[in-house]
Amino acid sequence: MSSNLTGFFIILLTVFSVLPHLACADESSGRSFVLWAGSGSANTCLTAECHATLGRAKYVHAPLAEGDCLVCHDTTGQSHPGAGSIVLLEEEPGLCLQCHENPAAGMAYPHSAIAEGCTGCHSPHQGGLPKLVVQSGGQLCLVCHEEVDDGKYVHGPIRAINCKMCHGIHGGDNLAMLNRPGNENCLGCHSGIQDIMDNAVFQHEPVVNSFCWDCHTPHASGYKPFLKDYYPEEFYAPYKKENFGLCFSCHDETAFTYELTSEATAFRNHNDNLHYLHVNRQSKGRVCKACHGVHGAPQDKLLLANAKSFGHWAIPLTWVSDEDRATCYVGCHQPKTYSRNSKVSNL
Ligand code: HEC
Ligand code: HEC
Ligand code: HEC
Ligand code: HEC
Ligand code: HEC
Ligand code: HEC
Ligand code: HEC
Ligand code: HEC
Ligand code: HEC
């Protein structure tokens, strides 16, 4: 082909591709922008050569289906196609809020993602999924929150990638855009814990007055059962601080490290620390749940009536206390009495 002829074809091609777009940008003409398919009009952004796939997906955004490109795009006067020739009319989310109400309007906890725009989650044009979402279900959430399932143990609803079970999408009226207030988000599925709380004579303050997730991770954790720090599963554990990291994040460890004390704990026979005696051992150190029920318990001081974790035997425990003295009636030894003020001998 001669170079003249090549030049002619290039000009021809340019005219063909640029013309419709110049027209597309001509708002004064009053002509609307219609789809190529069926319309037969050359006056469109959607030609066999240009943006041919737009308008042909399963779900097409209404303004696009109408061919109204310029409700969102604007021309700059630079020749099109070419860098900088077409821009967005406005920044997001304002661009979308021309026609849509802010979907988080009036919500106490709007999703911060919205401030950054709508197209992190919705395609502005079209797609294969309803509501023009770019990913389905919880997969959409993982696009930006991939760290949520990090952890050796992953909570059931997260393994099912079902974020909607607990969270709103555009926002919500509860903290962290949760569907329900506080612990109701957990107790609906964990009615056993609700039963323990309802039947408890003595409540554990953070369980009733704070959140399950003071201690549990709602999504995933390196510690069983989805705890924020380590807590032994066994009935006996050698004493070290890390073994009770969860409890010591709120309670003072000295109740377990001073062999003698007049104040670190009330569980003492005068100065002999009975917490130390039971817990602070390298062999057969008792764990807290040998005596305490973390979600609530039938006796004062969060004391269990039965320590169920020891094999199949539920060790009975009855604790009777007054201002000075307390007596433990337990399955593991003779009843023993201690006094916080003057030593009692249990022979
Ligand atoms: C509802 C608003 C809206 C409408 C209507 C719209 N667009 Fe867009 N378009 C956008 C946004 C927002 C982006 C930027 C997307 C991004 O950065 O991910 C974009 C990007 C583009 C791009 C470049 C990136 C890509 O997806 O290929 C092209 C080309 C485009 N639009 C063409 C069109 C044409 C042609 C029409 C009309 C048939 C149209 N748009 C109608 C909002 C819209
Ligand atoms: C020019 C007006 C206009 C603009 C601008 C606009 N939309 Fe729409 N959008 C509509 C109309 C009309 C519908 C169809 C409403 C209906 O079916 O109830 C719609 C529907 C939707 C839907 C629901 C689709 C469905 O299947 O129900 C989503 C999601 C959406 N738009 C997102 C966006 C996003 C994101 C932007 C900004 C990039 C945007 N819209 C900008 C007019 C607009
Ligand atoms: C974090 C992701 C995300 C962001 C950000 C987001 N949306 Fe959505 N939006 C969704 C999902 C998911 C649905 C589908 C909800 C469903 O199926 O119940 C949806 C549904 C919609 C619908 C359809 C509503 C209905 O009741 O059917 C509209 C309209 C909409 N969004 C508009 C917007 C607009 C406008 C913005 C920005 C101001 C936006 N969305 C930002 C995820 C998002
Ligand atoms: C396009 C990115 C993006 C997507 C997709 C996304 N988010 Fe977000 N989300 C953010 C940003 C940004 C923040 C604010 C910073 C942060 O906490 O990470 C946020 C915050 C949150 C928060 C904390 C809110 C608070 O008040 O503390 C929750 C909960 C959340 N997102 C849930 C979801 C869920 C559920 C989905 C899926 C429906 C989702 N996100 C999809 C970007 C996104
Ligand atoms: C069983 C209920 C539940 C489910 C299911 C759930 N979350 Fe959460 N999520 C929570 C609770 C409770 C909080 C508040 C935690 C806090 O404040 O410490 C939270 C907080 C968040 C936060 C903000 C703080 C953080 O931990 O980063 C993000 C982001 C988040 N969730 C994303 C998701 C995503 C994504 C999914 C789905 C894969 C999901 N969540 C599923 C209960 C849930
Ligand atoms: C939609 C139902 C559902 C909701 C809501 C839910 N969970 Fe769960 N949870 C499960 C299922 C199913 C399991 C068992 C499977 C597994 O190990 O994850 C489980 C297991 C657990 C376990 C471990 C139980 C064991 O015996 O090892 C803990 C702890 C837990 N969830 C705490 C929570 C907390 C805290 C919340 C609220 C933030 C919550 N769950 C909300 C369904 C739910
Ligand atoms: C003060 C910390 C703390 C709080 C708050 C807390 N838990 Fe727990 N949870 C634990 C510990 C520790 C375990 C392990 C219990 C054990 O083995 O004795 C546990 C175990 C569980 C289990 C496993 C089954 C069981 O009975 O051992 C579930 C389910 C559970 N918690 C749900 C909840 C729910 C729901 C809430 C909120 C109402 C909640 N937890 C609040 C510390 C806590
Ligand atoms: C999020 C903080 C927090 C965590 C974690 C926590 N507790 Fe508590 N606990 C409290 C608060 C607050 C009280 C009530 C005030 C007080 O007496 O110290 C309390 C009270 C108690 C009581 C009754 C004390 C009394 O004087 O009446 C016992 C027993 C107890 N916790 C045991 C535990 C055990 C065992 C663990 C670990 C599994 C644990 N706690 C983890 C905050 C926590
Ligand atoms: C052998 C049973 C037993 C074990 C094991 C045990 N406790 Fe106690 N604990 C008690 C008794 C009994 C009291 C009540 C003391 C009193 O008021 O006379 C108590 C009281 C407490 C109190 C109230 C403050 C105090 O010290 O008087 C806290 C907090 C506490 N225990 C936490 C724990 C934690 C955390 C663990 C595990 C590291 C643990 N306990 C292990 C029996 C036990």
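The legends below describe close-up views of a predicted model.

Residues are numbered from 1 along each chain as its sequence is written, while chains are lettered from A and ligands numbered from 1 in the order in which they are written. Local features need a pLDDT of at least 70 in this predicted model and side-chain atom pairs count only at pLDDT 80 or more, whereas totals for chains, interfaces and linings use all residues.

**View 1. Confidence along the chain.** The mean pLDDT (the predictor's confidence in each residue, from 0 to 100) is 88 for the protein, and 86% of its residues reach 70 or more. Over residues 5-43, however, pLDDT stays under 50. Where pLDDT is low, the predicted coordinates should not be read in detail.

View 2. Helices (H or I, at least four residues) and strands (E, at least two) are DSSP runs numbered from the N terminus, and two strands pair if DSSP finds at least two bridges between them. Strand 12 (residues 315-321) pairs with strand 13 (residues 325-330) in the antiparallel sense over 5 bridges, and a hairpin joins strand 12 to strand 13 through 3 residues. Strand 13 is also antiparallel to strand 14 (residues 336-339), with 4 bridges between them, and these two strands form a hairpin with 5 residues between them. Threonine 327 in strand 13 stands opposite valine 320, and has threonine 337 as its bridge partner in strand 14.

View 3. Among the 16 residues around ligand 4 (C-beta atom, placed from the backbone, within 6 Å of it), Ser112, Ala113, Gly120, Cys141 and Cys144 come nearest. Helix 5 (residues 137-144) gives the most to this shell, with 4 residues. By class, the shell around ligand 4 has 11 nonpolar residues, 5 polar and no charged, where Ala, Val, Leu, Ile, Met, Phe, Trp, Tyr, Cys and Pro count as nonpolar, Asp, Glu, Lys and Arg as charged, and the others, Gly among them, as polar.

Notes. Two residues are in contact if their C-beta atoms, placed from the backbone, lie within 7 Å.
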